[in-house]
Amino acid sequence: LCVSPLSAQTLTQDRTSASQPAMADTSLLDLYEFALSITPHAGTDYERAEHLLNWLSHNFRWLSTDYKKRTVKEIIARRGGNCFELATVYMSLIKTLGIRYRQVAEINIHPRSERRQRNAEALVAKKGPAGSVFGEEHNDHRWVEIFDGSSKDWIPADPSVGVIGLQPWLKSRVWFGKRWAVDTSITNAMIVPIAIFATDSAGRVTENRTSHYVVESFNRLYGGKLSALPSWESWRQGVERIGERCRGAFEGRVNLHDFGQELSALAATYKRLRLEFCGRWR
């Protein structure tokens, strides 16, 4: 194996620093040895996955999408990337250690932005309906699920947000209160996920995970109290209905911009849920 002297220590940086680090030479980087340099004391696959995610989240910057295609080594050399690029690096590292994983594609409610809508419309005109996964009041996001051998469950792991595990994920993504993230500007903008899909390596949807995360687990997070709220059925039915639209957008056969009213209604329903919960139990 050709092993570069580059290691985790070489690339360690403060993610919140205002200065942009110099590009590292990753041409001879061995990803397996690099992953090992980050996880020397981890004893299980879950611990290795956790160490890798924490290191990546705290040392690589989240950067806006520029639509350039980069290799894993190029992303590492850049020490940052958009959510898809950070997830790609993470998947590549855990793969070298034999950890089971699958990609996740998400659409979430975002604060309104006419500029984002214009950019999305231009992309739809150029490349088709797949560009509609983001728009005026929604955006797409990518992360990973890892398989936990002890619980036999698929566990969320998001290097952009810096969370691994169902409870931390829920408290960073659907929680009504103050959310945690390595960069709260990211989670504050992603108001709530409304469609979540496991995908294969080619990006094809293999399983709808929306109900698991934003209905069942969301309700359990609050001790089953959400299902007693007046707006709960509207929320449950709304995410079920929009899910098929979102899947069609990811598959390039549905223009999600045609369903702006449904997206706005779902955003309003989440706000009502929060108000109803806070008014009833606080």
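Author: Happy to! Let's begin with a word we will need: an angle of 65 to 115 degrees counts as roughly perpendicular. Two packed helices are described by the angle between their axes and the distance between the axes. Please keep in mind that this is a predicted model.

Now find helix α7, residues 166-173, and helix α9, residues 210-221. Their axes are 11 Å apart, and the packing angle is about 95 degrees. The two helices, α7 and α9, are therefore roughly perpendicular to each other. On the α7 side, the contact is made by L166, Q167, W169, L170 and K171. Helix α9 answers with H212, Y213, S217, F218 and L221. Sorted by class, the residues of this contact of α7 with α9 are six nonpolar, three polar and one charged.

Next, look at helix α2, residues 31-38, which packs with α5 at an angle of about 90 degrees. Here the axes are 8 Å apart. That angle makes α2 roughly perpendicular to α5. From α2, the residues L31, Y32, F34 and A35 meet S92, L93 and T96 of α5. This contact of α2 with α5 has five nonpolar residues, two polar ones and no charged ones.

The largest share of the lining of the largest pocket, six residues, comes from α5. That pocket has a volume of about 1,600 Å³. Of its 47 lining residues, the closest to the centre are T65, Y67, N82, F84 and D140. By class, the lining has 21 nonpolar, 16 polar and 10 charged residues.

Technical notes:
Residues numbered from 1 in each chain as written. Predicted model: local features only at pLDDT ≥ 70, side-chain atom pairs only at ≥ 80, totals over all residues. Heavy atoms only, no water. 1 Å grid on protein atoms, 1.4 Å probe; cavity = no way out; pocket = protein on both sides within 12 Å on 5 of 7 lines; lining within 4 Å. Points joined across faces, edges and corners; volume = space filled by probe spheres on them. Helix = DSSP H or I, 4+ residues; strand = E, 2+ residues; numbered from the N terminus. Nonpolar A, V, L, I, M, F, W, Y, C, P; charged D, E, K, R; others polar. Axes fitted to C-alpha atoms, helices over the stretch in contact; angles between N-to-C directions. Parallel < 35°, antiparallel > 145°, perpendicular 65-115°, else oblique. Contact = heavy atoms within 4.5 Å.
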